[in-house]
Amino acid sequence: MPDHTIGKHDEWSAARAELLEREQELGELDEELAKQRMELPWVRGEKEYTFDTEDGKKTLVELFDRRSQLLIYHLMFGPTYDAACPGCTGLADHLDAALVHMNNRDVTLMCISRAPIEKLKAYKQRMGWTFPWASSFASDFNFDFDFSHTEEQMKASELAKEIAEAPDWLRDWADSVGTDLASGMAESPVGTSSPARTEASTTRTRAPLPTAFCSRPTTPSCSTRSRPGETSTSRSAATTSTRGRGVFGATIGPG
């Protein structure tokens, strides 16, 4: 355990009051961001996508499972991974408890990853998960929604520099998922996308990247080991808009 300041009760009270003031400021900012997040424009889905699921191939519309809303968590598990991202796994451990509540609100909650379906099925069984999990391995879905990067994008982006100058803990993260760092980070950033069905078409909105969670494996919270003297933290919260005229948006972002 790291060394910590030991003080008197009045010192603690003063420090706590100062912290509370900052927490309240953060809460007000969070409300503003939540409102801004809900006002993001939606994009009409024009392209057809097919996914591999435990029940065979399904289109994007079929993933809705007869509900009007679909909330997708993009779980980092690339084709070359042996295991999912530890940070994503920690979040996914809580999804099963949310399933019945989301379904009762006309929302289908599921995960999508780019690893082949057989890898996903094996990992799902290992973790004891029951939520739906589809593979986008045979489609451009992840690339079109900016949740995966092509080799060309990797070479042209800042990720190339981050990989070349990666700290030890980030390399540890790549080891933990069983792949090289470049292939590992090609599956970032993580987040959610939220397609919604109307009578005429499918539209979608994408959540902003959670800044304090695991927007890509560049914080120790995504690694199985923290840097010396650091405590890994993560937080995220689900927010939903009000439904109107058969259109619905749902996002996950900083809570």
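Visitor: Which residue forms a salt bridge with Lys58, and how far apart are the closest N and O atoms?

Guide: Side chains of opposite charge can pair when their charged atoms come close. In this predicted model, Lys58 pairs with Asp55, and the closest N and O atoms are 3.9 Å apart. The cut-off for a salt bridge is 4 Å, so this pair counts as one.

Visitor: Are Lys58 and Asp55 buried, partly exposed or exposed?

Guide: Lys58 has a relative accessible area of 25%, which makes it partly exposed. Asp55 is exposed, at 66% relative accessibility.

Visitor: How many salt bridges does the structure hold?

Guide: There are ten salt bridges in the structure. One of them joins the side chains of Lys47 and Asp144, with an N to O distance of 2.9 Å.

Visitor: What is the exposure of Lys47 and of Asp144?

Guide: Lys47 is partly exposed, with a relative accessible area of 42%. Asp144 is partly exposed as well, and its value is 32%.

Visitor: Which residues are linked with Lys47 in a network of salt bridges?

Guide: The network links Lys47 with Asp140 and Asp144.

Visitor: Which residue forms a salt bridge with Glu54?

Guide: Glu54 pairs with Lys124, and their closest N and O atoms are 2.6 Å apart. Glu54 belongs to the loop between S2 and strand S3 (56-59), while Lys124 belongs to helix H5 (residues 117-127), so the pair ties together parts that are 70 residues apart in sequence. Glu54 is partly exposed at 41% relative accessible area, whereas Lys124 counts as buried at 7%.

Visitor: On to aromatic rings. How are the rings of Tyr49 and Phe145 arranged, stacked or edge-to-face?

Guide: A pair of aromatic rings is described by the distance of the centres and the angle of the planes. The structure holds 13 aromatic pairs. In the pair of Tyr49 and Phe145, the centres are 6.2 Å apart and the planes stand at 70°, so the arrangement is edge-to-face. The pair links distant parts of the chain, 96 residues apart: Tyr49 is in the loop between strand S1 (43-44) and strand S2 (50-53), and Phe145 is in the loop between helix H6 (141-144) and helix H7 (151-156). Both Tyr49 and Phe145 are buried.

Visitor: Why is the pair of Phe77 and Tyr81 stacked?

Guide: The ring planes of Phe77 and Tyr81 are at 25°, with the centres 6.0 Å apart, so the pair is stacked. Phe77 and Tyr81 are both buried.

Visitor: Which residues form one aromatic cluster with Phe77 and Tyr81?

Guide: The cluster also includes Tyr123, Trp129, Phe131, Trp133 and Trp173.

Visitor: Which residues form a nonpolar patch on the surface?

Guide: Leu26, Leu29 and Leu33 form such a patch, and together they have about 240 Å² of accessible area. Leu26 is in helix H1 (residues 9-38). Its relative accessible area is 45%, so Leu26 is partly exposed.

Visitor: Is Gln69 buried or exposed?

Guide: Gln69 is buried, with a relative accessible area of 2%. Gln69 is part of strand S4 (residues 69-74). The side chain of Gln69 makes a polar contact of 2.9 Å with the side chain of Ser68.

Notes:
Residues are numbered from 1 along each chain as its sequence is written. This is a predicted model: local features need pLDDT of at least 70, side-chain atom pairs count only at pLDDT 80 or more; totals for chains, interfaces and linings use all residues. Side-chain values use heavy atoms; hydrogens and water are left out. Helices (H or I, at least four residues) and strands (E, at least two) are DSSP runs, numbered from the N terminus. Buried means under 20% relative accessible area, exposed over 50%, partly exposed in between (1.4 Å probe, protein chains only). A polar contact is a pair of N or O atoms within 3.5 Å; within protein, one must be able to donate a hydrogen and the other to accept it, and residues adjacent in sequence count only if both atoms are side-chain atoms. Rings of Phe, Tyr and Trp (its six-membered ring) pair if their centres lie within 6.5 Å; planes under 30 degrees apart count as stacked, over 60 as edge-to-face and the rest as tilted. Patches are made of residues with over 30% relative accessible area and no salt bridge: like charges are joined within 9 Å, nonpolar side chains (Val, Leu, Ile, Met, Phe, Trp, Tyr) within 5 Å. Accessible areas come from the Shrake-Rupley method with a 1.4 Å probe; for residues, only the protein chains shown count as cover.
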